[in-house]
Amino acid sequence: MTGTEAHDSYGEKPDPEDHNAQVGPQRDTPPPSDDTGGPSGPNPPPPNTPGTPDEPPRIPMPRASVEDTGLPLPEPLPAPLFLEHRILKSLLGAWALAACSPEETTAVEDHLGTCGACADEALRLRDAVGLLHPPESLDLDPTLRTRVLESCLDRRPPRIPVPEWATPYDAETARLDALLQDIGDAEWHAPVRLRWFEGDEQTSRRTTVAGVIAHLLTVDGLVALTLGLDDPLEAPAETPTPAARTEAFWTTSHFPPTRSVRGPWREQAHNLVRTVAFAGGGSGRLPVSYGAFELPLRDSMLDRAFETWVHAGDIAEAVDYPYEPPSPRHLHAMIDLGARMLPTALAARRQAGLATPGQTRHLVPAGTPGRSLRLEIEGLGGGEWLIPLDSPGALPSPDHEVAHIALDGVEFCQLAAGHVPPEEAAAGQLGDREAIRDVLFAAASLSRM
């Protein structure tokens with residue numbers, strides 16, 4: 001076959017009148033050699049060729065209707081509700097509360113797409129529902145532990161109660177321990193910067209979360225030594241100051257502190273609370289030495305509670321953990337301690353030449369009324385204190401009030417912790433500017449490592 005013939009044969013179309021013509025791909029069947037088909041007579045038609053009785057029809061038979069099969073009929077779709085405008089408007093409240101049936105919900109939402117007035121009303125109702133059901137925080141109420149303990153103690157008082165002046169330390173160490181329980185192993189090495197004031201300048205020291213707990217462990221050890229408990233330091237420090245003891249612990253450790261420091265710190269905190277409870281209220285007068293100064297045990301326990309809260313906030317900030325201030329009652333006790341320490345801090349700054357020049361002409365003998373500053377603390381743990389300016393032994397007097405400072409309670413504590421510079425303290429000020437400056441800087445000087 002020539003190329004032209006092959007092309008004509010491949011492109012040849014079947015005759016529409018030829019009912020035996022095949023459309024589409026066909027099987028390759030050998031053409032008959034002659035009319036006789038060989039010695040056996042005419043060739044039989046190949047199987048599955050048109051016109052063969054056994055061949056299934058190429059056009060499928062029409063399908064039977066589902067009604068003729070005996071099978072269950074499908075459920076008909078529900079007809080949409082057609083409700084009047086007044087009825088749809090009355091359903092808006094139930095729709096906002098997700099209390100409508102599916103049919104009613106569909107009808108209301110279809111209506112909202114065409115009625116602007118109802119759409120605005122539905123939006124207001126949905127916002128109101130959001131206000132009725134505000135999202136609740138998964139964090140526990142920070143006062144939950146105190147309330148549960150108070151409820152239990154009201155029903156059955158403890159056989160050996162913890163002194164009132166030791167409860168802030170007990171509460172703050174428990175809160176910090178709960179924070180430490182929630183953080184992972186890697187977060188114990190998160191960087192933390194300790195901040196405090198020296199003179200008139202803010203200074204800092206970088207450590208880790210584990211290093212902060214080691215710092216609390218060593219400084220709490222000063223109270224432990226007073227009560228006759230073991231010292232957490234393996235080797236004594238050169239001076240018994242908090243900074244020197246902390247440096248000694250960090251230096252003598254074979255490896256940087258890890259989460260293993262949590263166990264000794266928590267055990268020591270429990271021992272301190274247990275020991276002061278057995279010692280009774282009279283033990284609060286025992287002196288606790290900080291190297292450069294002393295505090296009675298009752299004030300030292302408040303000081304340790306304050307530092308535990310401050311450094312717990314440093315840790316929470318480093319690991320992005322929410323942390324609330326102490327309870328108002330405990331916060332008030334901490335603020336009261338700071339206010340009582342301000343006259344001594346003012347005298348120390350005056351002796352170091354850091355106080356405002358010219359204040360020496362106002363010095364008065366001990367026990368004599370002198371110039372005073374009114375410190376007003378607002379918010380949680382608030383109150384008012386009169387601070388003598390001329391001498392730690394001078395008597396504060398409202399008749400000799402020369403200045404007035406108003407501060408938020410947490411702001412004052414952050415100032416006393418060295419976390420807020422005195423120049424940036426958000427304080428309401430009235431009166432003698434030099435006296436106000438001296439008191440703000442004296443509050444910052446209460447901070448230490």
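Which residues in helix 5 are buried? They are Cys-118, Ala-122 and Val-129, where buried means under 20% relative accessible area and exposed over 50%, with a 1.4 Å probe and protein chains only. Seen down the axis of helix 5, these buried residues fall within an arc of 40 degrees, so they line one face of the helix; the arc is that of the directions from the helix axis to the C-beta atoms.

A word on the model. It is predicted, so local features need pLDDT of at least 70 and side-chain atom pairs count only at pLDDT 80 or more, while totals for chains, interfaces and linings use all residues. Residues are numbered from 1 along each chain as its sequence is written, and side-chain values use heavy atoms, without hydrogens and water.

Back to helix 5, residues 116–132; helices here are DSSP runs of H or I, at least four residues, numbered from the N terminus. On its other side, Ala-117, Leu-123, Arg-124 and Leu-131 are exposed. The cover over the buried residues includes helix 2, helix 3 and helix 4.

Next, the cavities. On a 1 Å grid over the protein atoms alone, a cavity is a set of points where a 1.4 Å probe fits but cannot get out, and lining residues have an atom within 4 Å of a point. The count is two cavities of 30 Å³ or more. The largest has 19 lining residues, with Asp-303, Phe-306, Ala-416, Ala-417 and Leu-446 nearest its centre. Helix 11, helix 12 and helix 13 each supply at least two residues of that lining.

Note on methods
On a 1 Å grid over the protein atoms alone, a cavity is a set of points where a 1.4 Å probe fits but cannot get out, and a pocket is an open set with protein on both sides within 12 Å along at least five of seven lines; lining residues have an atom within 4 Å of a point. Grid points are joined across faces, edges and corners, and a volume is the space filled by probe spheres set on the points. The expected span of a helix is 1.5 Å times one less than its number of residues. Contact means heavy atoms within 4.5 Å.
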